[in-house]
Amino acid sequence: TATTERPDDPCEASTRECQYMQCPYGVNTERDAIGCTLCSCHDPCQEHQCPDGSQCAVDVVFEQQNGTEQVVAVCRDENKPGECPSLSRDLYRCDNECESDASCAGDAKCCYNGCGYSCLQPPRDPYEPEPEAMMPEPTAAAVPGSPARIISSDRLVTSEEEDIATLGCQAEGHPTPTVTWYKDGQELDTSKGRLRVIDTGSLQIVGTEYQDAGLYRCEAHNGLAQPDSRDIELQITEGKPREAKVVEPRNPKPVVTLGRSTVIRCWAVGVPRPSITWWRGTKMLPLSSQKYEQHRDMSLRITVITLRDLGPYTCQAYNGLGRATSNTVTLLAMGPVKVNTQKDREYLQYIVRPISGGGLPPPTTAATTVAATPAAVTPPHWPVAGPDVGAPPAYSEPLRSLIRVETASVPPRSNLSFTCEVLGNPVPEVIWHRDQDVLVPSDRIIITTGNPMHTLTVMDVTSADTGLYSCTAQNFHGSASSSTDAGVEEIYVSPACVDNPFFANCELIVRAKYCNNAYYARFCCRSCTLGGQLPSHGPHLQQQG
């Protein structure tokens, strides 16, 4: 029977590249000299010129009339007016969300958050007129304004420890007043953490602590007159046994950035303090793994968000009293996203469209506007395009992680070294593990990052350093891992070779490398041998005993 070999397709490589290419703003196609289709990601800023002092950024808006998404290139100032706000540890992120103010939408600035750079709204001067007050003189048909005033407020609020305290304050006025809260004269940041302003303007403190006690001030202003304010005292008492309760999240459907890490918070109260477990459907998530890490503040950190990481996450709280209680947060991401498998299509329900007309909802700041009526729910923030906010680059490269071991087995007190070659685009994040433990830099653990080589060195090893070492690379497209067994060699110790702790501190002798001294070698024979500073056999053994 004659067989015919299938000829090589000269366009196979370019066809495959076009098939798996993921571009946020569409794909450009052209033909090469032999007729193969070449694909490249469309860059809206490529032919968009911006004046000095500004940079091009990309907004994607949803046109409601024809139901399509439009990509718009805009120029943004590199240095916007205003100052960066002071931050608490709750907002620290170690990835860089922006490079300059031009990377941030609206009035937001690119601010250092203590670890990386984030887009944050600058705080407003409480005595600065509202935008409505800076408009031209009203005509006879305009609605007259009325200064902000507080119509009701608490004077004294008492709350138990590990509970929820609500400091009542309700304001009215036209334009709608903004309510700002102070404690002991210092302005409070209610945009994150345990503090938040609810619709009425009241302040809610979740998980009360003794240091929360003090004098608070509620201040309402709308730019038409001096602010109106009231003082409220908060007292904290000892907590009595109480069932665990999970507090409704500030945003039950947060929008995250694909290809970046994110932290989901869970606020639970009760006495004793509740324990938290995180669930993904019917599967309980591990305390620490390559993908997830649960923190002592009840939060869950996801190392790298991919399309299949979107959807519901449930935190469950229990403190031994009554029944467990839970709450669910659903992670969303902004589209468009290109998918190639049926499994990925199931997660498109968690991709949200941009806001109609290109407007962005103002970020929450320490000063929160009290709405006269509940505001309509609008889609969250659209991530600014660019390589530093997780958008796919102009091309993609499959992930690859290959670990190379320089010394697979070493004697005690020596060094154990690994090299890992990592390839991929976007540039992957690399995490090292020993067994199930994440390795972090320390006096003994040295981690260096390169392109493409990453190295891990464990100094002064002991038997506890034996295990399975792995190098994991993660980015927008997924993860790749390579691992190998490595450890510390077994050393024979003669029964006659013993330590005498009454005459010397053998641990310090080994650490200081004094075993070559005949006196110390006599009284620390076993420790010096295990430390690789004395041979297993020799004349020194005749001096023992």
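This is a predicted model: local features need pLDDT of at least 70, side-chain atom pairs count only at pLDDT 80 or more; totals for chains, interfaces and linings use all residues.
pLDDT is the predictor's confidence in each residue, on a scale from 0 to 100.

**Entry 1**

The protein chain averages a pLDDT of 77, and 77% of the residues reach at least 70.

Local features need pLDDT of at least 70 and side-chain atom pairs count only at pLDDT 80 or more, while totals for chains, interfaces and linings use all residues.

**Entry 2**

Helices (H or I, at least four residues) and strands (E, at least two) are DSSP runs, numbered from the N terminus. Two strands pair if DSSP finds at least two bridges between them.

I picked strand 14, residues 203-206. I164 has V206 as its bridge partner in strand 14. Strand 13 (residues 195-197) pairs with strand 14 too, again in the antiparallel sense, over 3 bridges. There I found R196 opposite Q204. Strands 13 and 14 make a hairpin with 5 residues between them, and G201 in the turn has a positive phi of about 105°.

Which way do the side chains of strand 14 point? L203 and I205 go one way, Q204 and V206 go the other, and all are buried (buried means under 20% relative accessible area, exposed over 50%, partly exposed in between, with a 1.4 Å probe and protein chains only).

**Entry 1: salt bridges**

My rule: a side-chain nitrogen of Lys or Arg within 4 Å of a carboxyl oxygen of Asp or Glu. By this rule the count comes to 16 salt bridges.

I stayed around strand 14 to begin with. E209 forms a salt bridge with R194, the closest N and O atoms being 3.9 Å apart. This pair links distant parts of the chain, 15 residues apart: E209 is in the loop between strand 14 and strand 15 (214-221), and R194 is in the loop between strand 12 (186-187) and strand 13. E209 counts as partly exposed, at 27% relative accessibility. D212 joins in as well, in a network of salt bridges with R194 and E209.

Then I checked D101 and K109, whose side chains meet in a salt bridge at 2.7 Å, N to O. Are the two partners buried or exposed? D101 is buried at 5% relative accessible area, and K109 is buried at 6%.

R511 and E507 gave me another setting, with a salt bridge of 2.9 Å, N to O. They sit 4 residues apart in helix 3 (residues 506-511), so about one helical turn separates them. Both R511 and E507 are exposed.

I found an open sheet of 5 strands in the order 30-37-36-32-33, with mixed pairing. Its edge strands are strand 30 (409-410) and strand 33 (437-438), each pairing on one side only. Strand 32 (residues 429-434) and strand 36 (residues 467-475) are antiparallel, over 6 bridges. I431 stands opposite T472 in strand 36.

N475 also has its place in strand 36, and N475 is buried, with a relative accessible area of 2%. How far apart are N475 and P428 in space? They are 4.7 Å apart, C-alpha to C-alpha, though 47 residues separate them in sequence.

**Entry 2: aromatic rings**

Rings of Phe, Tyr and Trp (its six-membered ring) pair if their centres lie within 6.5 Å; planes under 30 degrees apart count as stacked, over 60 as edge-to-face and the rest as tilted. I get 3 aromatic pairs by this rule. Y347 and Y350 form a tilted one, 6.5 Å centre to centre with 50° between the planes. Y347 is buried at 16% relative accessible area, and Y350 is buried at 17%. Ring pairs also link F418, W432 and Y469 into a cluster.

Technical notes: Residues are numbered from 1 along each chain as its sequence is written. Side-chain values use heavy atoms; hydrogens and water are left out.
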